[in-house]
Amino acid sequence: MDFAFSDDQNAVRDLARGILEKEVTVERLKRLERDGEWLDRGLWTTLAEAGLLGLVVSAAHGGMGLGLLEACVFLHELGRVVAPGPFLPTILAALAIADSGSEAQQREWLTPVTAGEAELSLALVDAHSSDPLRPGTQAERNGLGWILDGEKRSVAAADTAGRILLPARAGNETRVFLLDPNAPGVTRSRQRLSTGEPVFTLTLAGVHLDESEMLAGGTRGPTTVLPRLYESTLVAHCAMQLGVSERALDMTARYVRERVQFGVPIGSFQAVQHRAADCYIDLEAMRWTTWRAALQVAEGHPSARECAVAKFWAAEGGARIATACQHLHGGIGVDLDYPLHRYFLRSKALELALGGATPHLVRLGRDLAESGPSPG
């Protein structure tokens, strides 16, 4: 398989890297942390002006009209600088609306997202179901609309998002709704991740939504929306984890070349070289499984196994790299004046998002047991 990026993907990477490496400095991140700010509004505006928030939005709504692979390239670059903000949920929600939303839904939300005037979010973690494809939240028809009851966890930007894409179970099928987080019957409970990012638990008690607030899925139908949204979000997390791990390992390689102990760089010690080599192997496994899964999802192929393999490596490899990089830095790795700790914390958050390594390995094993190996 040819993993070389296209001209469009290279252009997205170069544009994003040029902006992010200039704007997201250590000093800027420290200032945001001191101020208790999770979203860097200045960076959000700059990326919107560059067209990057509208990557997956059609030209009719002011965007670039690109797709999931280009979105993953952008998220990989965001991971490399641990940029704060709800970029991932906003872009993936916009992609779902562009792919499965009505004309009215696209007009209402895609143009503001492209302009940097709106945020979106996702509510894929259900309090009463361990399977994101079978949510515990219930949706029942009520006249021309729906009544929703349930609980969602780990929802980013629920205090600022204009809409939250929320899956619910409707009988034996699933639907994805555009939930207004300020709607009557919605209660938000705020928590905070170790990264400092606020996340929310949403409790829904008799929330009424009109039929117009459901993603209809176009010609494929509403039941196809959740599987594609879930798999797209999985590979997006993998791409961001790849960026985080890549930069952490780069930082560590530079450090062990420069840090002198017993009169020589510690990178000359065989034990250090072996530990770094193991990290490189993990990183390359993450890289190839991530882009393989992203390509499968982007092209609309059955992708459950590829996504499970990619998320396993992103979680397992990402955790090993984060731990090794801290270890090889010694005491300076836990110094909050040094930037490495942000990569460790972000890596841990991404490792656990939508399930760590074990749940995805179990999912893959169950699929293999039920269906056998892939042909060829």
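This passage walks through a predicted model of one protein chain, from its overall form to a few individual residues.

The overall form comes first. The protein chain contains eleven helices and ten strands. Along the principal axes, its C-alpha atoms fill a box of roughly 80 × 50 × 40 Å. A compact globule with 376 residues would have a radius of gyration near 21 Å, and the protein chain has 21 Å, which agrees. Of the 376 residues, 55% count as buried. The protein chain exposes about 16400 Å², and carbon and sulfur atoms supply 53% of that area. Contacts can also be sorted by how far apart the partners lie in sequence: among those between residues at least 6 apart, 72% join residues at least 24 apart.

Which strands pair with β5, and in which sense? Strand β1 pairs with β5 in the parallel sense, over three bridges, and β6 pairs with β5 in the antiparallel sense, over seven bridges. Strands β5 and β6 form a hairpin with two residues between the strands, where Gly171 takes a positive phi near 65 degrees.

A second hairpin is built from β7 and β8. Strand β7 (residues 186-192) runs antiparallel to strand β8 (residues 198-210), and seven bridges join the two. Within this pairing, Arg188 stands opposite Leu202 in β8. Five residues lie between β7 and β8, and in the turn Gly196 has a positive phi of about 100 degrees.

Helix α6 covers residues 103-114, and at 1.5 Å a residue its twelve residues should span 16 Å; the end C-alpha atoms are 16 Å apart, which agrees. Its buried residues are Gln105, Gln106, Trp109, Leu110, Pro112, Val113 and Thr114. An α-helix has 3.6 residues a turn, so residues three or four places apart point the same way. What do the buried residues of α6 pack against? Their partners are the helices α3 (41-49) and α5 (87-100), together with the strands β1 (120-122), β5 (163-170) and β6 (173-179). Just after α6, Gly116 takes a positive phi of about 80 degrees.

Ser154, with a positive phi of about 55 degrees, has its place in strand β4 (residues 145-156). Leu354, with a positive phi of about 60 degrees, has its place in the loop between α10 (340-352) and α11 (357-371). Are these residues buried or partly exposed? Ser154 counts as partly exposed, at 49% relative accessibility, whereas Leu354 counts as buried, at 15%.

Gln273 gives a view of another helix, α8 (residues 270-298), in which this residue lies. Gln273 is partly exposed, because its relative accessible area of 40% falls between the limits of 20% and 50%. Leaving aside residues up to four places away in sequence, Gln273 touches Gly267 and Ser268. Gln273 and Ala253 are 20 residues apart along the chain, and their C-alpha atoms are separated by 9.5 Å.

The cysteines complete the picture. A disulfide is a covalent bond between the sulfur atoms of two cysteines. How many disulfides are there in this model? The count comes to zero, with a cut-off of 2.5 Å between the sulfur atoms. For Cys307, the nearest cysteine sulfur is that of Cys238, 7.6 Å away, and Cys307 is in no disulfide. Cys325 is in no disulfide either; the nearest cysteine sulfur, that of Cys279, is 5.1 Å away. Cys307 counts as buried, at 1% relative accessibility, and Cys325 also counts as buried, at 1%.

Definitions and conventions
Residues numbered from 1 in each chain as written. Predicted model: local features only at pLDDT ≥ 70, side-chain atom pairs only at ≥ 80, totals over all residues. Heavy atoms only, no water. Pairing = 2+ DSSP bridges. Helix = DSSP H or I, 4+ residues; strand = E, 2+ residues; numbered from the N terminus. Expected span 1.5 Å × (residues − 1). Buried < 20%, exposed > 50% of the residue type's maximum accessible area, 1.4 Å probe, protein only. Contact = heavy atoms within 4.5 Å. Rg over C-alpha atoms; globule rule 2.2 N^0.38 Å. Areas by Shrake-Rupley, 256 points an atom, 1.4 Å probe, with all protein chains shown as cover.
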